[in-house]
Amino acid sequence: MADTFSLQRVLETFRSSLSENKEVYIKYYIAGWQELVSFMNSLGNVFSFISKDVVSKIQILENFLSGENGSYYVTIQSMVKYELDNDLVDLTKRGSHPESGCRTLLRLHRALLWLELFLERLRTSTEDGKTSVMCSDAYNESLAQHHPWLIRKAVGVAFCALPGRDTFFDVMNAGDHTQVVALLGESLPLIAEVYQITEDLYVKNHLLELP
Ligand SMILES: CCCCCCCCCCCCC/C=C/[C@@H](O)[C@H](COP(=O)(O)O)NC(=O)CCCCCCCCCCCCCCC
């Protein structure tokens, strides 16, 4: 993996994560997150408490994928079926399976909604738009409701350290601003589709509130 972030690569990994019959490959789903983490790291140390959490969740899923039952973890769909069929998920309170694939992926899934909302704001923003406001509005509409007060406060502080819109567009490495906006327009439907497929699967299996 190259060390400079590119929005194009995020787009490609999320595109690869969708199978022909609309299942979601965990391998590419977490690769997409890995790209986003490297982007966040390039923005500074204030974000390291966030990236550490994402990295540990990526790691949990990677361990399942490369473990002896890895073949059940190829897609989100196969993981859900396997873990539920084998009672490997703590459904109502934390017990003997505190780090199931289902609950770990749910955390990333909720964050994917934040990403979608944030990128949509960024895409449609005007030159005087403030990334910190876009970020926190998107956060309040999504992830914030799942986070306790202390985390919300820490996240609020991190948002204040975000670079402005111009710098943000530049570090995405996707050409000039018009090109970034175009690429965002291309990426967003894909991210939204991956989100929706996962959401429907989790709704169907009553997994949206996993502890
Ligand atoms: C570039 C701006 C970065 C702003 C990131 C905004 C999202 C805020 C997420 C805050 C997470 C706080 C850290 C702790 C979280 C955990 O408590 C909590 C619960 O986990 P648990 O049930 O195992 O305890 N974890 C989570 O909710 C998962 C959080 C995942 C956050 C992912 C954020 C990735 C940001 C990627 C930035 C990419 C920018 C877009 C560029 C194209």
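Tutor: Let's begin with handedness: a crossing is left-handed if the near helix is turned anticlockwise from the far one by less than a right angle, and right-handed if clockwise. Keep in mind that this is a predicted model.

Student: Which hand does the crossing of helix 2 and helix 3 have, left or right?

Tutor: Helix 2 crosses helix 3 in the left-handed sense.

Student: And what angle do helix 2 and helix 3 make where they pack?

Tutor: Angles over 145 degrees count as roughly antiparallel. Here the angle is about 160°, and the two axes lie 10 Å apart, so helix 2 is roughly antiparallel to helix 3.

Student: Which residues meet in that contact?

Tutor: From helix 2 come Ile26, Lys27, Ile30, Trp33, Gln34, Val37, Met40 and Asn41. Their counterparts in helix 3 are Ile50, Ser51, Val54, Val55, Ile58, Leu61, Glu62 and Leu65. Sorted by class, the contact has 11 nonpolar, three polar and two charged residues.

Student: Now the ligand. Which residues come nearest to it?

Tutor: There are 21 residues around the ligand, and Leu36, Met40, Asp53, Arg107 and Ala111 come nearest. Met40 also takes part in the contact of helix 2 with helix 3.

Student: Which helices each supply at least two residues of the shell?

Tutor: Helix 2 (26–42), helix 3 (48–66), helix 5 (101–123), helix 6 (131–141) and helix 7 (149–160). By class, the shell has 18 nonpolar residues, three charged and no polar ones.

Student: How should I read the confidence scores?

Tutor: Where pLDDT is low, predicted coordinates should not be read in detail. In this chain the average pLDDT is 94, and 99% of the residues score at least 70. For the complex, the predictor gives an ipTM of 0.96 and a pTM of 0.96.

Conventions:
Residues numbered from 1 in each chain as written. Predicted model: local features only at pLDDT ≥ 70, side-chain atom pairs only at ≥ 80, totals over all residues. Near = placed C-beta within 6 Å. Helix = DSSP H or I, 4+ residues; strand = E, 2+ residues; numbered from the N terminus. Nonpolar A, V, L, I, M, F, W, Y, C, P; charged D, E, K, R; others polar. Axes fitted to C-alpha atoms, helices over the stretch in contact; angles between N-to-C directions. Parallel < 35°, antiparallel > 145°, perpendicular 65-115°, else oblique. Contact = placed C-beta atoms within 7 Å. pLDDT = per-residue confidence, 0-100.
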